[in-house]
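Dear colleague,

I am handing over the structure that we spoke about, and I would be glad if you could look through it with my notes beside you. Please open it first and then read on.

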Amino acid sequence: MVIFVFLACLLFCSGVQLTEAGVLPEGCRQAIVGTTRSWDDSHVRLSLLEKRGSRWVLVQGPFAGRLGKNGSVWGLGLVEPGKGQMGKREGDAKSPAGVFLLGDAYGTVSPPQHKRTLVYHRIGERDLWVDDPQSPYYNQHLVLNHTPRTAWELKQQMRIHDYHHSLKLFIRHNSAETRGRPVPGAGSSIFFHIWRSDGRVPTAGCTSMAEADLRRMIAWVDPSLAPVYILLPASEYMKRREAWRLP
């Protein structure tokens, strides 16, 4: 608990002066910061920060979220695992840690009143998200021109009858937009989405939260401000904060 109080004070009370250097993309003025107690922890504390002038300001949070049941591990985003460090693998039930760009929103319900520049995809039965490492469409959104009929197509189909996936925001881990081509087997289909059983159930690798928090977050995200998701154990965050110029 002490480390979380210390981290919160540094993040949200000091209004740290920053430059545009570090791992954050040029023009980044929004950050979703998630910290855990350890790599094995599936509980995360999330906060939304916005850069106003030269200061990062807390605009929402911290609030609770859940990660993969096996905690977190280095993912492929704006930073990558160092030599000898374990990285995210398909099916490991771990959430990718690091610094990630955000993608589009997806869902089967009416979206919150989000920024007009944030794209929202209303998904249906023809929408797939490919988690097959052998596919050239691995970790990409694919829309069929026919109703899914093969076993492969049905397996890749996005969840259209699952309340917990009725609204979500793509986290660009191992994504085509960030890397040019996703690395086969390095993890796919990582989203923010609605948690299960009021947070009592972890995810398979996504970051989940209460629907009200998710809706407020999606409404706040503005792609023109180059938003990022920073997910790290609190000790790792503090170790890298200055060198990476994190909030």
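Serine 197 is partly exposed, because its relative accessible area of 35% falls between the limits of 20% for buried and 50% for exposed. Please keep in mind, here and below, that this is a predicted model. Serine 197 belongs to the loop between strand 10 and strand 11 (207-209), and its phi is positive, at about 50°, although the residue is not a glycine. Aspartate 198 is found in the loop between strand 10 and strand 11 as well, and there phi is again positive, near 55°, in a residue other than glycine. Aspartate 198 has a relative accessible area of 61%, so it counts as exposed. These values deserve a second look, because most residues other than glycine have a negative phi, and most peptide bonds are trans.

On the subject of peptide bonds, the one that leads from glycine 61 to proline 62 is cis, with omega near 0°, and proline 62 itself has its place in strand 3 (residues 55-66).

Is strand 12 enclosed by the rest of the structure, or is it open? Six of the six residues of this strand (residues 228-233) are buried, so strand 12 is largely enclosed by the rest of the structure. With strand 5 (residues 95-107), strand 12 pairs in the antiparallel sense, over four bridges, and here leucine 101 stands opposite valine 228.

The last item is the largest pocket, whose volume is about 530 Å³. Its lining is made up of 28 residues, and those that lie nearest the centre of the pocket are Arg159, His165, Ser189, Ala204 and Cys206. Helix 2 (151-156) and strand 10 (191-194) each contribute at least two residues to the lining of this pocket. If you sort the lining residues by kind, you will find ten nonpolar, eleven polar and seven charged.

With best wishes for your reading

Definitions and conventions
Residues numbered from 1 in each chain as written. Predicted model: local features only at pLDDT ≥ 70, side-chain atom pairs only at ≥ 80, totals over all residues. Heavy atoms only, no water. 1 Å grid on protein atoms, 1.4 Å probe; cavity = no way out; pocket = protein on both sides within 12 Å on 5 of 7 lines; lining within 4 Å. Points joined across faces, edges and corners; volume = space filled by probe spheres on them. Nonpolar A, V, L, I, M, F, W, Y, C, P; charged D, E, K, R; others polar. Buried < 20%, exposed > 50% of the residue type's maximum accessible area, 1.4 Å probe, protein only. Pairing = 2+ DSSP bridges.
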